[in-house]
Amino acid sequence: MKNLFLLGSLLASLGAYATCDEETKTDAVTKALSTAPITAPAAAPAVAQTALKGETVVLSVRKMHCGGCVSKVEKLVKETVPGAEGVTVDLEKKEARFTCNASSCDVGKVTAAITKIGYPAAWAR
Ligand SMILES: [Cu+2]
């Protein structure tokens, strides 16, 4: 029951991230859960995720709807990962890619940063 509640909180906070209207429709279950009072923020587990030099990193990035979203994500990747080279963001594939050209690249940091501005992101590998 508690887990279900936490899931509801998480879904509600993800819903609040949406910056464009296009994909913000929530299904009935999500809607019902999101009306529950939120007493504790659902924090993503902090897991160290580091890419090595020369490694191509592919991130799945959800909720991008237009070129504006793509630009925001691309800019953020460049700002957040000093060693990121050849940063590309693909709207249709819902993907961001870069090659790590530093001794290591903090992928956990960039996925957290992208998620924070409204695009739930994860390292797809
Ligand atoms: Cu957009």
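Trainee: How much of the chain counts as buried?
Mentor: Keep in mind that this is a predicted model. Of the 125 residues in the protein chain, 19% count as buried.

Trainee: And what's the secondary structure made of?
Mentor: You'll find 4 helices and 6 strands in the protein chain. Going along the sequence, the order is α-α-β-β-α-β-β-β-α-β.

Trainee: What share of the contacts with a separation of 6 or more comes from residues 24 or more positions apart?
Mentor: That share is 67% in the protein chain.

Trainee: OK, let's go inside. Which residues have the most contacts in the largest nonpolar core?
Mentor: V57, V61, V73, V77, C105, I114 and Y119 do, in a core of 21 residues. The elements giving it two or more residues are β2, α3, β3 (84-90), β4 (95-100) and α4 (107-116). The largest share, 4 residues, comes from α3.

Trainee: You listed V73. What does V73 touch?
Mentor: Leaving out residues up to four places away in sequence, V73 touches V61, M64, V89, A96, I114 and Y119.

Trainee: At what angle do α3 and α4 pack?
Mentor: About 145°, and their axes are 10 Å apart. The crossing of α3 past α4 is right-handed. On the α3 side the contact uses V73, L76, V77 and T80, and on the α4 side K109, V110, A113 and I114.

Trainee: How many of those contact residues are nonpolar?
Mentor: The contact of α3 with α4 has 6 nonpolar residues, plus 1 polar and 1 charged.

Trainee: New topic: loops. Where is K63?
Mentor: K63 sits in the loop between β2 and α3. K63 has a positive phi of about 70°, although it is not a glycine.

Trainee: Why does K63 count as buried?
Mentor: Because K63 has 20 other C-beta atoms within 10 Å, and 20 or more is what it takes to be buried.

Trainee: What about K94, where's that one?
Mentor: K94 is in the loop between β3 and β4. K94 also has a positive phi, about 50°, and is not a glycine. With 16 other C-beta atoms within 10 Å, K94 is partly exposed.

Trainee: How far apart are C66 and E92?
Mentor: In sequence, 26 residues; in space, 9.7 Å from C-alpha to C-alpha.

Note on methods. Residues numbered from 1 in each chain as written. Predicted model: local features only at pLDDT ≥ 70, side-chain atom pairs only at ≥ 80, totals over all residues. Buried ≥ 20, exposed ≤ 12 C-beta atoms within 10 Å, placed from the backbone. Contact = placed C-beta atoms within 7 Å. Core = buried A, V, L, I, M, F, W, Y, C linked by C-beta atoms within 7 Å. Axes fitted to C-alpha atoms, helices over the stretch in contact; angles between N-to-C directions. Left-handed = near helix turned anticlockwise from the far one by under 90°. Nonpolar A, V, L, I, M, F, W, Y, C, P; charged D, E, K, R; others polar.
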